[in-house]
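Let's take a walk through this protein together. Have a look at the sequence and the structure first, then read on.

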Amino acid sequence: MHSLTRILLPLAILAVTGCVAPNDDDSAEPTPAPGPLRLDEVQARCTHNSYHVAPSSPVVDEHRYTHAPLAAQLGEQGVRGFELDIHLDDADRLVVFHIPVIDQQTTCETFVECLQGIEGWSAANPQHHPIFVWMELKDDIDANKITNYDQIDAEIRSVFPPERLLEPDEVQGSYDSLREALTEEGWPLIDTVRGQTMFLLLEGEEHGGAYSDGYTSLAGKPIFVQTDASRFDTPIAAVAKINDAGSADIAGAVQRRILVASNIGAADNSDEDNEAKRQVALASGSNMLCDDFPAAVQGQEYWLDMPDGTPTRCNPLRASAECTAEGLESLP
């Protein structure tokens, strides 16, 4: 899609939904031009295993947390990043849960059902900055292995129309690779990609390498593929999952304009340990802070409070001097 179309599309959506009045009066104020803020200037709240419902009798303490449905996380808790564990069932459906039998409860059973929850909220709130959806193809202990990546692509595109997906081709533009595009130009302006959702593959060599033709190309595909520090300079390097928010690798990724996600609070850690990790993460430059507790929980002191976020705040390592939380996103 041409860049001019990307700039005008969010404004057209607003006019249709009635959030702003169409400019059909010569005396009306002109519509503001897109701001200077880019996508990697965000530091957003993300949830770990975003579909998760605690078992009635958890086998381990790390399973003792329950998330709200995805749309409620977006609308009520300010979450803008998700993690979905994907399995293939005996009926060849892509389904979402953590571990078979012992930790299998979920707020959305199928991949499509999960995506519909995100898309419904997104369509009703088109001025949000892009939503990040991490996917782990969690088939390592499953009888059914995931090999048909076209099925994943097709299910994403069955829910999200092209203009509401932020895809690798759009970021790469006319450059020879994603890496070159990010080095030379950076991520798109947030005001040109509002209302979009971005899909990211959280995988190692088996799935990530196969999907990206050996980490060389994502042409025509809707999903970005994570790279670790050894692949930060490969042609597709654009996103990374670095679980340890204290890792020195985060600074190297941020310097290369790679979007980073990190795990923060966990159900099997103490409030004190989780709070210490939160403080490290807030200063780390990681773009997505993924937590078991995105909102306050009764009887528990810790939760992922995002200071100065509305719901997202300016990234301490990447944001420009012009960045404000309201400039990133400010929904009613």
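Predicted model: local features only at pLDDT ≥ 70, side-chain atom pairs only at ≥ 80, totals over all residues.

A polar contact is a pair of N or O atoms within 3.5 Å.

## The start of helix 4

N148 caps the N-terminal end of helix 4, with a side-chain oxygen 3.2 Å from the backbone nitrogen of D150. Helix 4 itself covers residues 149–159, and its buried residues are Y149, Q151, I152, D153, E155, I156 and V159.

## Two helices side by side

Now for helix 2 (residues 70–77) and helix 3 (residues 111–124). Their axes are 7 Å apart, and the two pack at an angle of about 30°. Angles under 35 degrees count as roughly parallel, so that is what helix 2 is to helix 3.

Who does the touching? From helix 2 it's L70, A71, L74 and G75; from helix 3, C114, G117, I118 and W121. Sorted by class, this contact has six nonpolar residues, two polar ones and no charged ones.

## A closer look at Q73

Q73 sits in helix 2. It counts as buried because its relative accessibility is 0%. The Q73 side chain makes a polar contact with the side chain of T47, at 2.8 Å. Setting aside neighbours within four places in sequence, Q73 touches T47, S50, H67, A68, G78, V79 and F82.

How values were computed:
Residues numbered from 1 in each chain as written. Heavy atoms only, no water. Axes fitted to C-alpha atoms, helices over the stretch in contact; angles between N-to-C directions. Helix = DSSP H or I, 4+ residues; strand = E, 2+ residues; numbered from the N terminus. Parallel < 35°, antiparallel > 145°, perpendicular 65-115°, else oblique. Contact = heavy atoms within 4.5 Å. Nonpolar A, V, L, I, M, F, W, Y, C, P; charged D, E, K, R; others polar. Buried < 20%, exposed > 50% of the residue type's maximum accessible area, 1.4 Å probe, protein only. Polar contact = N/O pair within 3.5 Å; in protein donor to acceptor, adjacent residues only side chain to side chain.
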